[in-house]
Amino acid sequence: MAKQYDVLFRLLLIGDSGVGKTCLLCRFTDNEFHSSHISTIGVDFKMKTIEVDGIKVRIQIWDTAGQERYQTITKQYYRRAQGIFLVYDISSERSYQHIMKWVSDVDEYAPEGVQKILIGNKADEEQKRQVGREQGQQLAKEYGMDFYETSACTNLNIKESFTRLTELVLQAHRKELDGVRTRASNEMALAELEEDESKPEGPANSSKTCWC
Amino acid sequence: MSVANSSHRAALLRVLLILLVAQNLARCQLTPAPVQICHSFHCFGEMCYQEAEFANQIAECEPEEHHCELIQLTTVHYMARCSPRCEGEIGTSYSPCLLANNSAPSPGPCSLQCCSGGPLCLVLSLGHLTIQEDKLVLTPPALVRNQAVQGVLCEGDSRQSRLLGLVRYRPERGVQEHALFLYNHRRMAITGDDVSLDQIVPVSRDFTLEEVFPDGELYILGSDVTVQLDTAELNLIFQLPFGSHTRTFLQEVARACPGFNPETPDPEFLWLSRYKCTEQKPSQRGWNSASGTWPECTRKGEDQPSIGGGGSWGGALLEAVQAGRSERCDEELEGADWEMSAAAGSRERDPAGGSQSDDLRPDGKGLLVDQSFRGQDKPDSLLTRQNKSKSEITDMVRSSTITVSDKAHILSMQKFGLRDTMVKSHLVQKEEDYTYIQNFRFFVGTYNVNGQSPKECLQPWLSHGIQAPDIYCVGFQELDLSKEAFFFHDTPKEEEWFKAVSESLHPDAKYAKVKLIRLVGIMLLLYVKQEHAAHISEVEAETVGTGIMGRMGNKGGVAIRFQFHNTSICVVNSHLAAHTEEYERRNQDYKDICSRMQFCQVDPSLPPLTISKHDVILWLGDLNYRIEELDVEKVKKLIEEKAFHTLYAYDQLKTQVAAKAIFEGFTEGELTFQPTYKYDAGSDEWDTSEKCRAPAWCDRILWKGKNITQLSYQSHMALKTSDHKPVSSVFDIGVKVINEELYRKTLEEIVRSLDKMENANIPSVSLSKREFFFQNVKYMQLQVESFTIHNGQVPCQFEFINKPDEESYCKQWLNANPSRGFLLPDSTIKIELELFVNKTTATKLNSGEDKIEDILVLHLDRGKDYFLSVSGNYLPSCFGSPIHTLCYLKEPILDLPLKAIRELTLMPLQTEDDGSQLKNHMDIPKELWMMVDYLYQNAIQQEDLFQQPGLRSEFEHIRDCLDTGTTDTLSASNHSVAEALLLFLESLPEPVICYSAYHNCLECSGNYTASKQVISTLPTFHKNVFDYLMKFLRELLKNSAKNHLDGNILASIFGSLLLRNPAGHQKLEIAEKKKAQEFIRQFLYNSP
């Protein structure tokens, strides 16, 4: 039987306090949503196995405290990530403005080649919207990132965005991946039909297959 | 001793060892009363408290803790600590709790491991709990935790890789010796077998390991670290990988160096002799384990080839090295740490192998003796102890039933392999959810060909009158009766019959050969219709000989097992023992085939499969069971009458199956054809030879399993080549076919539930409080805020961890108690955050350079991190403020705005007398004047002034009076004021005699004129203070008849306060101390 998954890596959720990082994570891993806001004071993580491109990927998703006073500490977690979600709240212009600061932190502390994706969360709160969709797209374009508007509440684009970032990380590690691929395809090879390994020298094996 | 000790140690290695490091505040105590001390440790393991390493772990107790107690939490979990009360007294099973200052022990019920027959292993003496020394189990040489690196040994142009491990040995209490073990290793060194000892370098007094910078080479950040190892005999150069792992290793080695303290004895390294010995003795595993003696010279032979072979230490060494390696990798790849499952797998080790133990032994055998213990134990006691330990180990293994949560617990350690297995087993459990039953047609045939070659077309047997089957299982017996076939296993008949069969398969379909297996004359062929080929997997074939000597292949069986869609199928072709009377032999052959036929599984870690472990078993062959109790003529007559049913009653197979001797659970179709044995070859005539065998149903087909329908069971008279007739049976077999859609769904569900389980088993706790505010913190006044950690359902280890670039997990004025620990599921622990500002931290808090602000990171091992924020306000105090600052403070310090205090505190110390810059200063700090004046008024004749301790509560009052300027209300004992004065001097950031003048003072000590000259160079305020104090002391001496003070006492008290070594808190050498005293003494007896 083929392996159930082949690679493991870390994704990190960052963004202002209250933009819904924990909710995104809960929705993705447990398919749960709690509307009450409890500040994450610390760093939490959850595991999830997904299949991308035929490869079973185990992702460890780190959820960080968004409050400013903890940022000197949370920055130290960046270097262990291969992919980063930059999250803002579409109903908070301020959280959108802060993305620039978050990006510069990422540039400073995250490893080179880290994959980033921009998330405008709370897309269900259309009536409170302060940040236009095109603003998000514009910002994402500037930084060369993919962009999703998501809603943990209505489960909009949750799986898509996590899968997309995972794909990006996989692509970025294409080289290492090729090794994994080869192995995976070998494992999935069909049953050996004609081979009789125990007696390779037997004359009967000269005509390996008999398509009668 | 050796064996008992080692197996005991082995048991210890299985359990987690946590040491609670007593981290008491180094508190200035007003009352230098004898400090309460108790043993303090936390250990896991059978009688772990006996380990030498715990023998001198003594902690100072808090003031309210008057007891020492030892608690046995479980049979393998002990804790000793200071305690405010004896919990054991409340009728629990806890044992001995001792009132520390009371000489009478009050042991509770003895539920501890009492040392064999003797008194308690723990005894009370000198007011605290001690462990009887002769009961101690000395810690054998062990690899210092994680201290091993892989390096390159450079000799001239040669570069060779070596593993360097730092090994520690504690021959007795409080003594430890270290040696550096250098190992050769093969390839990447995956297991202990890849490693062999090269040489040992004792860390002796002349040992140095220092970083060197090769000449003419630019130092490049991140490049390898070159170190030079020097001893009297050796000079080696190593290159070690850049990174913190190497850094810690070097620090650890530096710490291991014995240094030049004359008080500690020279290390003797007796324990190394066994490794150094050059004489080689033949290696014997388990040598003299019963005798318990340690031969002078044995280990070389064993250690050399296989240090750590299969044992824990080699693994630990490698693990330590790998930890470093992966860390380096992290840095190089900038965090792109791909944890491939295979790589992780190779790093996994048996958790019992000691990966979690603190110290690991360097022999890896679990057979190691401390030399000091040699011969102390009698062999018999050894044996009993050894046996005991062993049985306990088994108990532990047995009792460790793996529950679901345990599994997930292990999973979170990224045991990828286990996760795979769990997914598999869930898939099997839920098979019905994603499979449906579909019928496939199986053709099963058996033919004893009596050594003949195929002479006729086999189609009448294999394909006449039936639909094209999906699968063909065709078995032959007596394929070749020649000696060549028997002895050389080689026969042309195999190819002949294979061809004959292949050509006679059903013409309506195309077939692929799946497998051919042959044991001498017993051959089995498996074909599948082309379109089903993709659904055949895990094909394995095996043979079992039961012939001559019970092993040879003239009789026996061959079998092919495979997976068809999701159903496992095993086809067996057997040729059992011949002759009518030998039915017992046939039964035995059957049983042998069943027990000895074993198929390898794809996953080598799984046990091999047997025939019975298949969904469908098809058993065919010349089973050789005969018809008994009837004479030949009677049999032939019944056959002629086609009275097969009557005849069947005499069939041995029928009677043996009915007696449940064989083929339990198998079914055979009704025999509606005449016996298939024995005919004259080339005819349908019964045997006419001399032997004139009675006809018998030798050739049979049976089956076992669900959803199997037999469509036909017949012989084929048309074939005349052999003295047997071939038999065939066609079945419809219901096979479990996977619905891909449902399968994916089920798999996803399983993966999701495993993820969920895994997430639920990430350690998680709840904290009763996360923000702490300390209001109005005062100098030297302890404030405690506490909170509780409530653990969830997963046992966890917690620890406050350092923030990056910080040396400690919190600021100097803060302490968490305990700062690390272990929590069982659903248990709670109270953590106290203790805030205490002392002389080293006060100045910066006064100046505002530091604030009562900190964030603590509480880390759960393998789990999340919690941030705790600490804040508060500090009330500035004259204690910890510089002399010149205080001279400018005309108001009480607490009446001034913080900003003013800040500015004045940060104001640089002026050496010139330029006090004119700022008018309105005082000559000396008013607080100093107040204290001295108070003493002058009240205590000039006080006996033992400065020698009796004051009271803490009074000190707080004095401090508040000074800081608020309410000295008129001051009422305190003379001793308290005197001590406050000493504390004031001690907490000055710059001592009265400035650091810069320290060495000058010592030099001219004894020369009064020169001494006065030095004093005159001090900054004015400091000089004033000095003069003022000396004047006061001289006044005191005038009353020496009453107060019993003399110059020596005062000089020794004030010498160390006024003259402080700029290097800091190092212990002053006696000579230096004496000089300082002498310096002060001069001023006590000479007026200026």
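Are Phe1026(B) and Phe1083(B) buried or exposed? Phe1026(B) is buried, and Phe1083(B) is buried as well. The notes below concern a predicted model.

1. Phe1026(B) and Phe1083(B) make an aromatic pair of the edge-to-face kind, with 5.0 Å from centre to centre and 90 degrees between the planes. Phe1026(B) belongs to helix 28 (residues 1020-1038) of chain B, while Phe1083(B) belongs to helix 31 (residues 1070-1085) of chain B, so the pair ties together parts that lie 57 residues apart in sequence.

2. Over all chains, a search of the whole structure gives 40 aromatic pairs. One of them joins Trp703(B) and Phe731(B): the ring centres are 5.1 Å apart and the planes stand at 70 degrees, so this pair is edge-to-face. The two residues come from distant parts of the chain, with Trp703(B) in strand 27 (residues 699-704) of chain B and Phe731(B) in strand 29 (residues 727-738) of chain B, 28 residues apart. Trp703(B) is buried at a relative accessible area of 10%, and Phe731(B) is buried at 0%.

3. Ring pairs also join Tyr447(B), Trp461(B), Phe476(B) and Trp497(B) into a cluster.

4. Two lysines are placed over aromatic faces. In chain B, Lys725(B) lies over the face of Tyr679(B), 4.9 Å from the ring centre. In chain A, Lys48(A) lies over the face of Phe28(A), 5.2 Å from the ring centre.

5. Phe28(A) is one of the buried residues of helix 1 of chain A, which also include Lys21(A), Leu24(A), Leu25(A) and Cys26(A). Helix 1 (residues 21-30) of chain A has 8 of its 10 residues buried, so the rest of the structure largely encloses this helix. Directly after the helix, Asn31(A) adopts a positive phi of about 55 degrees.

6. Chain B contains an open sheet of 6 strands in the order 20-21-22-25-27-26, with mixed pairing. Its edges are strand 20 (536-545) and strand 26 (667-668) of chain B, each of which pairs on one side only. Within the sheet, strand 21 (residues 556-564) and strand 22 (residues 567-575) of chain B run antiparallel and are joined by 9 bridges. Phe562(B) has Ile569(B), in strand 22 of chain B, as its bridge partner. Helix 15 (residues 583-596) of chain B packs on this sheet and touches strand 20, strand 21, strand 22 and strand 25 (616-622) of chain B; the direction of the helix makes about 135 degrees with that of strand 20 of chain B.

7. Asp470(B) sits in the loop between helix 12 (459-462) and strand 17 (471-477) of chain B. Its relative accessibility is 11%, so Asp470(B) counts as buried. The side chain of Asp470(B) reaches the backbone nitrogen of Arg441(B) at 2.7 Å and makes a polar contact of 2.9 Å with the side chain of His532(B). With neighbours within four places in sequence left aside, the residues in contact with Asp470(B) include Phe440(B), Tyr511(B), Tyr527(B), Val528(B) and Lys529(B).

8. Another loop residue, Ala509(B), is found between helix 14 (492-504) and strand 18 (511-519) of chain B. Ala509(B) has 10% relative accessibility and therefore counts as buried. From C-alpha to C-alpha, Ala509(B) and Gln530(B) are 7.9 Å apart in space, and they are 21 residues apart in sequence.

Notes
Residues numbered from 1 in each chain as written. Chains lettered and ligands numbered in written order. Predicted model: local features only at pLDDT ≥ 70, side-chain atom pairs only at ≥ 80, totals over all residues. Heavy atoms only, no water. Phe/Tyr/Trp six-rings, centres within 6.5 Å; stacked < 30°, edge-to-face > 60°. Helix = DSSP H or I, 4+ residues; strand = E, 2+ residues; numbered from the N terminus. Buried < 20%, exposed > 50% of the residue type's maximum accessible area, 1.4 Å probe, protein only. Lys NZ or Arg CZ within 6 Å of the ring centre and 35° of its normal. Pairing = 2+ DSSP bridges. Contact = heavy atoms within 4.5 Å. Axes fitted to C-alpha atoms, helices over the stretch in contact; angles between N-to-C directions. Polar contact = N/O pair within 3.5 Å; in protein donor to acceptor, adjacent residues only side chain to side chain.
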